Amino acid sequence: MIVLDVFSAICLIGGALSCLFGAIGLLTFPDVTARLQAATKPQTLGLLLILVGTAVQLNFSLATGLILVGLFQMLTAPVLAQLIGRAAYRTDSIKRDTLIIDELGERIEAERHRSG
Amino acid sequence: MTVLVALPVLLPLAAAGLTLALGAYADVQRLLGLLVLGAIIADAAALLYLADTSGPVVLQMGAWPAPFGITLIADRLSALLLLVSSVVTFAVLIYSIGQRITDYGREASSTTFHPMYLMLCAGVSLAYLTGDLFNLFVAFEIMLSSSYVLITRRTKAERVRASMTYTIVSLASSLLFITMIALVYASTGTVNLADLGQKVHELPDGLQTALALLVVIVFGVKAAMVPLHFWLPDSYPTAPAPVTAVFAGLLTKVGIYALIRTQTLVFSHASSWKLMLGIALITMIVGALGALAQNDLNRLLSFLLVSHIGYMLFGLGVYDVLGLTGVILYVVHHITVQATLFLVSGIITRHTGTVALTRMGGLAKAAPLIGVLFALPALSLAGVPPFSGFVAKLALLQAGVNAGTIAAYAVTATAVLTSLLSLYAMARVWTRAFWGQVKAPAPDPDPTDELIVGTASSSRPMLMATGVLVATSVVIAVLAGPLAGISGRAASDLMHADTYRSAVLGGDRHG
Amino acid sequence: MTWVFLTTLALLAVAGLLVVVRLLRGSTTLDRIVSVDVLVTLIVAATCAGMGWQQDGSNIALLAAFALLAFIGSISAARLTERREPYR
Amino acid sequence: MTINLTLAVVVAVLYSVGFYLLMQRSLMRVLLGIVILGHGSNLLLQTAGGPPGRAPMLTSASPEQMTDPLPQAMALTAIVITFALTTFLLALAYRSWTLLGHDEVRDDVEDRRIQRLERRQVEEEEEEAA
Amino acid sequence: MLGFVLAHLVTALFLPAIARRDTRAAFLIAALPPAAAGAWALTRTPGVLAGRTPAETVQWAPLIGLNLDFRLDALAVLMIILVSGLGALILIYADAYFPRDRGDARRSAPLLLGFAGAMLGLVLADDLITVYVFWELTTICSFLLVGQAGISRESRRSALQALMITTLGGLVMLLGFVLLGETAGTYRISELAANPPTGPAITVAALLILVGAFTKSAQLPFHNWLPAAMVAPTPISAYLHAASMVKAGVFLVARLGPVFGALPEWRWPTAVFGLATMIFGGWRALHEHDLKRLLAYGTVSQLGFLMVLFGAGSHDAELAGATMLLAHGLFKATLFLVVGMVDHQAGTRDIRKLSGFGRAQPALAIVAALAAASMAGLPPLLGFLGKEAAFSAFHDPVILAGLVLGSMLTAGYTLRMWLGTFTTKALPAPSTIKPGELQALIPAALPALAGLALGIGYPLVDALAGAFAKSFPSPAKPYHLALWHGLNPPLVLSVIALAGGVVLHVYRDPLTALRARWPKPLNAQRTYERITGLLERVAVAVTARTQVGSLPTYVGIILLTVLAVPGTALVLRTTVPDDLRGYDSLMQLPLAAGVVVGALAVLRAQRRLTAVLLVGVVGYGIGGLFIVDGAPDLALAQFLVETLTIVAFVFVLRRLPERFTETDTAKLFGLPKAIIATGAGVFVALAAIVFSAARRHPPEASDYFIEHAEKGAGATNVVNAILVDFRAFDTVGEIAVLAVAATGVASLILASRHERRRRSTRVANQEAGE
Amino acid sequence: MKTSRNPDWSEWDAPTERWLLSGFRREGAKRSMLLELAARIVFPTVLVLSIYLLFAGHDRAGGGFSGGLVAGQAFVLRYLAGGRMDDSAIVSMRPPVLIGTGLTLATSAALLPLAFGGAPLQSAIYKLALPAIGEVKFVSSLVLDSGVYLLIVGVVLDLLRTLGSGIESDADAAARGQP
Amino acid sequence: MAKRLTRGKRLLRRVPLMIWLTLVWVLLWGTFDLGTLLFGLVVAALVSLLFPLPPIRTGMVVRPLPLLRLIGYLGWDLVVSTMRVTWQALRFGPNATAGIVGARLRIDSDHLTALVASAISLAPGQFVLQIDRANRICYVYALCLDGEESVRREVARLEHFVVSAVGSAAERELVREAG
Ligand code: NA
Ligand code: NA
């Protein structure tokens, strides 16, 4: 049991730390797309770790539901990221000076130019 | 027989569901509404008979004993008010069916009006019948939410504001209601009214008073007591006649009913009712003066409504059997008469194409029937004998005189003055709208506006429904004897809440 | 295990407060949407940890619902912003 | 069973903010005020049951550990009702916006008329006095 | 007796149907019930005089003392002669007077009959409330009769004035009745008279009742409505404003004389106001040119006279009062009816324009002369008997002097009236006179002749009036009516009065000039108008200040009320509970912080969506608190609802401006608002602490739920068991609210779509039409 | 990079296949391939979750209300991903009809016990022993819960019809210059 | 005959969804017995019948081992890049830079494109900001990128993993050829 407890403790604290770092990222990054990185990914990892850490502590029949939670998170996080990122780009909320390269913008310019 | 208590709520709810689902069939909607409301009248009459002859009819919903489940109870008071209210809702339904057919044709169905009207009826019934504080909240919400929908239906630009005021003030008071329930539960651990009646008494006096006063404010907003009345004259006049009629007739009375019920059953030791005399006085005066300042017929009637709420508070403030008898009689009378007046106002408005008194004239000559339909309830409202208003007013005056305190005398005198001012207001309506030269009807700026359908005729069902209500108020006056008897017994039930309490809780509470 | 759960919850609480700071500072609506989403995720995580602590897993479906809800609320808000301020 | 200070502060803040917003002219602010008030009252209702405990589920807790289930049920009902009314008011705000081009609760026209009348009368009286 | 009253009222109800087709039939049918009632009363008179007073009680609402008690006594018989006898005559006259099948006639027939019924009920009533019921009925009938179609502004105003003044009095009187009835324990007049109650309350009641009597009987300072009411058609004036309704006040004083007669507070006001009214009315009548107004002021004067007599409460005075009551009814009815005919036939009622009427209509002149003689108090007419009795009933020199002065004035204006109407004067254009109708003349003549007959047959009147007066304290040798009592002071006074009247008539023109120069400090009409004006002024002022029409103010006032009323009650009793804790679970702290910060931030939010998101944070935070509390069901619902709320907001925000409106933002931080809001919030929190600390009981219901959830409701989730079983009814109601809200949203949102559709079909129709 | 021309970059994101049923064409700017695909999986999953909540409510967190709301969220997602639903074949019943049915069902559940001589809303527990499956418990209050579920789904769908599509069509009309 | 076949095929295409939904049901209940399974099947059938989705042939084949490899890779990547992002947040903070790089995919199907895009987005540091479905380009936003080519390499690797885990045979060929 101790092994399980230790594993669970690592998962839980690791997960919580991951969430915390994500939150720090959310605070420090310069624009919304960058913050999105910090927001969605470490949170996902953190949540997954906490789910695992908790699942280990619970008996099996109860823990199955946690799998679903994880699946949902994995399924929805990328979609949300894309939608928000796209919205940020469309609404011009990205700080352009942080972009080293913007192939999308270049192409849009080109298309505009071509179509007149 | 106990199931009779649940039917006035469940039937209209089920019918509301069906009319929603069968939104495309206008005839079915009408028939369903009339059948259900007719059934409620019969049901209420039976309940009144049972309650008067063999004590309160009590139904424990789900067969869970009180104070655990929800109790529905029809005692004399609630059965009586239910009966009168259902007569009014029935008549108003006929009126609006008539109006809708006249204005939109026989085929016009509505997914809004019929279901919401039935919901309103269900809410009103539940408010009267429930013996549970939280369930009372639910009842209020059913009633109020459907009233929001009815008042905002086909809202025009100039009237959106009014419905906002109504909705927001009602919502604010609903939120205070939940707050009150939370405080009640926090301090007593129960929401059953009969049970509360016992447990509240164990609280320290100050808390009892504070709680009782909070309750007065919560229900006072719904009852439109001054200074919580402002919303009413701003909002009621903007709804179509049948809607205003039901609102004016019933909604404020439900507030009064809740006040009476809680002050007698739950807070009988809190003496918060002492405040009521002062409120009654201000309410009467402010309302009556407001009425005199108006040129809009509907607003005038709304202010009078406020003013007459003062009478009911007066009786409650006297707080004895005679006073409560007066209140009950007054409520019964006022439900009918105020609704009638708004219906007549609707007919007048359709006839003249305006709500402004200065633009009306000569109606007595042009439409004598409208004159009769207006005059009788108007006189009754002003408390002129031998109409129903007089009987009720007399009981209140007697109660006030009997109470013998300075405050009671002052309010009694104010009641007399208010009576005069009401008559003045009504007489001014009469002299402006019914006398004088017949004026050309105002042109209809918006033919889709239900409030003023310029010079549309009033169909026979509309006149008939109004006539039925006028007749009801006459019957109330004629039957004043038995009615006063029942009211008196109901009042003494209220003063000695044991009947109610033992009917709900029974001898063996856990049985 | 108690201290583990306590630490976890404390870390999550700190994270939550940081997120609230971002929420208040904005600067764009999208930032706030992201913050709300993260906040809900943190609540889900904390709830999960709390369940583990109390050894009470009977309400785990609740978490599934929460995880989903944050998603729906966020995308609807995101779609609104997207439509409101078209790029150039 | 006294409600703790933290929650009391939360309740105080929620009610204050809610009431404050309720006194605004923008219907959207008013609406938010109602939502916040709803939150406050629901929280109050729930905390009226007593201090935290285990969820009232017979499978996972013993009756002594459980929190009071009744306020929960009532709060749940209240939440739903507040939600229903919020959506309605939201629709009203929208309707106001489409009809009037704004979503503000302006003053009543008829009341304003009477106030103008009063002002005129007061002016006349002052003129007479002068 | 109720039967007769009902016969009047029910016939009146059906009369409009007849009147619509044939007004003549309507008037004649209308005359039947009063005639029958009058005849019945006469047949009962011997019995009444012998002390057998028929009584009848109909229980209406006994619990509140609402009974219809009737009793036929001597006073009632006297009044019925006026009410029913004159009523029948006037109805027959009215048929001749009103143009056939016109609006006024159609309206008047049923209203006059209804009025007659109300008066009959009033005079028969043996119960205070019954009196009030019929009293007000007469007021309403009078309003409608005076106003008629309300075409002219004047008729509307006069009708309203009469209504308001008499109703004011009536209501004050009702208050007095209630005070009297409740204090004495009965509303039955005969019982009250048998055992007159005493005490301060009774005195107040007496004064209140007098106000009613004064207004109805047009006593100073309420007299003005009566001359104003002369805009009514003449038969109506004759009936209401001469014979019957205005008598109600003095009748009431007579009726309650046995109850209050011993009170100085009853005797003095009647004497003072009565005398003042008598003199003032006579003085005004002396100067009027319009015959109707002249008669109206004469009536005012006579009513004052009657008030003095009936208020005195002594046998002799009451005897005189009863005689005068009868006499006045008879002569005044005739005079009004004659004036009506004069008006019709000559086209004017102005004394200054009338000339040669006596020559053209000698019969009319004789009839009028008979009535006038009675009015002036010439023997052997009834008026003389009454006046003689009055002079002998009083010994107070002031009162006697007043009565003589009043009688002088009466004689003066009587002379002016008769001479002015019937003599031939030198006028530029003598009035053309249409022939009269017999149907009008006979009803007009009969009362005058009755005045003569009763004057000669005075024992009849003496018996009747004496039967009434005997219930009052009488001197050792009670007075009896007689044409000749010997040469005694009253006779001297009578002569003085008549002579004075002649003098006054002769010097009328200088007197009128003098009156015109007199200052008029008290003008009743102006006062009335000023009071109504003030009333409307106050109404507007109060309404403008209370009904501000601003929603924020309304909400603020509600909150202030919360703070002021239960708030103070609470603060006064607050003590710090012993078990106050900072927190119950550590997790509450960050969640609470989040909620508080979020909520406060909403106040500062400029963008709508930001505000919505912040509210969302609050909601999710509350959900978190629910989880910590151990309420997963609640938390689930809270999260779901919060999300749906955000979604709904977002849907709507798609079309609303991004930021809150600027004007509003400027006004956002109102300090008063902030103070009120904070106060209310703190109140709630304080209440939460105090109330939760006050709990004495464990939640009984919840224990029951926990115990029975599994076995009784088949659920281990107790909250769910409550929702779908124990308190399932709440849930049914809750979904009803949801259904309502959804329907309401649909009706609001889809309205614009419907309007678009309607508009486009209209446009299409128009295009198709073109 | 060689690319084919496309009128507006915001429309590039539309998927090539119909992943969700909808009865009309939508402008590409409102579409997102990722979202539509996610919705295709999440939508039925959430519905299953909602039915689970409905049935599990008796013993765990959940119930008709939460279940209905979760199902409602599924439709919200479906609306966000696939656009308005009123014309499509997703829900054949009009929302008001659904609401009405739910309400009628709930009230009949309240009235039904009367037929068996009980009080309104009185519940009964039926236990059935089925071969191979074991004991199945049926609590009659589930009927009420189902009514609640239906009604709430109806309410959410109605909100999507009104606040969702209704406002959208208003916006379209405004864009076309109609009031 | 042909019709019945297509109908059968259509039903067959529902099977994966049915299995998924039943699995969800069972996981939610946490009890693995026949009753739950059967009931789950009923619920799954109900949901997929009441709310049908357009039948689309994806030709997906699940290969367990490559799938495990994909999951493992993603998991590892998640951990590693979380650390990287955290480091960047602490190290650069407000001065962090980024880039948007277009990466052309070899596969040409909605579902696989979406899967790849999701896989890219799952790992911290980068996500797909815009998809040009017609031209099979994913525009990837990458935080503190080491160069455009590394991003494109990463995309190609993920594409390879995804296709080998669930892609059809033809698609595997496509990826292998190009790779
Ligand atoms: Na109109
Ligand atoms: Na039940």
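These are my notebook entries on a predicted model with several chains.

**Entry 1: the whole model**

I started with the overall scores. The model is predicted, and it scores ipTM 0.94 and pTM 0.94. Next I searched the whole structure for salt bridges. The search finds 55 of them over all chains. Among the 14 pairs of chains that touch, chains D and E have the most. I kept that pair for a later entry.

**Entry 2: chain E**

I looked up the secondary structure of chain E. I noted 32 helices and two strands. Then I checked its dimensions. The C-alpha atoms of chain E fill a box of roughly 115 × 80 × 55 Å along the principal axes. The radius of gyration of chain E is 38 Å, whereas a compact globule of 770 residues would be near 27 Å.

Confidence came next. The mean pLDDT of chain E is 90, and 98% of its residues reach 70 or more. I wanted to know which elements sit at the two ends of the range. Helix α28 (residues 662-667) of chain E has the lowest mean pLDDT, 56. Helix α8 (residues 200-216) of chain E has the highest, 95.

**Entry 3: where D meets E**

I returned to the pair with the most contacts, chains D and E. How many residues does each chain bring to the contact? Chain D gives 88 residues and chain E gives 112 residues. I looked up the buried area too. The size of an interface is often given as the accessible area lost when the parts come together. Between chain D and chain E that area is about 9,000 Å². Carbon and sulfur atoms give 72% of it.

The rule finds five salt bridges across chain D and chain E. I picked out one of them by name. The side chains of E:Arg537 and D:Glu125 meet in a salt bridge at 2.5 Å, N to O.

Which helices of chain D supply at least two residues each to the side that touches chain E? I listed α1 (5-22), α2 (27-47), α3 (69-100) and α4 (109-129) of chain D. The largest share of that side, 23 residues, comes from α3(D). By class, the side of chain D that touches chain E has 54 nonpolar, 20 polar and 14 charged residues.

**Entry 4: where F meets B**

I turned to another contact. Chain F brings 15 residues and chain B brings 17 residues. The area buried between chain F and chain B is about 1,200 Å². Carbon and sulfur atoms give 82% of that area. I counted zero salt bridges between chain F and chain B. Two residue pairs are in polar contact, both at pLDDT 80 or more. I sorted the side of chain F that touches chain B by class: ten nonpolar, five polar and no charged residues.

**Entry 5: inside chain B**

I stayed with chain B and looked for a salt bridge within it. B:Asp27 and B:Arg30 meet through their side chains in a salt bridge at 2.9 Å, N to O. How far apart are B:Asp27 and B:Arg30 in helix α2 (residues 26-54) of chain B? They are three residues apart, so they are separated by about one helical turn.

Helix α14 (residues 363-366) of chain B is lowest, at a mean of 88. Helix α4 (residues 113-129) of chain B is highest, at 96.

**Entry 6: chain G**

Along the sequence the pattern is α-α-α-β-α-β-β-α-α. Its radius of gyration is 20 Å, well over the 16 Å that the globule rule gives for 179 residues, so chain G is more spread out than a compact globule. The C-alpha trace of chain G spans about 60 × 40 × 30 Å along its principal axes.

Chain G averages a pLDDT of 84, and 95% of the residues score at least 70. Confidence is lowest in helix α6 (residues 169-178) of chain G, at a mean of 74. Helix α2 (residues 34-50) of chain G is highest, at 90.

Chain B and chain G make no contact, and their closest C-alpha atoms lie 20 Å apart. Chain D and chain G do not touch either, with nearest C-alpha atoms 14 Å apart.

Terms used. Residues numbered from 1 in each chain as written. Chains lettered and ligands numbered in written order. Heavy atoms only, no water. Contact = heavy atoms within 4.5 Å. Buried area = accessible area lost by both parts, 1.4 Å probe. Salt bridge = Lys/Arg side-chain N within 4 Å of Asp/Glu carboxyl O. Polar contact = N/O pair within 3.5 Å; in protein donor to acceptor, adjacent residues only side chain to side chain. Nonpolar A, V, L, I, M, F, W, Y, C, P; charged D, E, K, R; others polar. pLDDT = per-residue confidence, 0-100. Helix = DSSP H or I, 4+ residues; strand = E, 2+ residues; numbered from the N terminus. Rg over C-alpha atoms; globule rule 2.2 N^0.38 Å.
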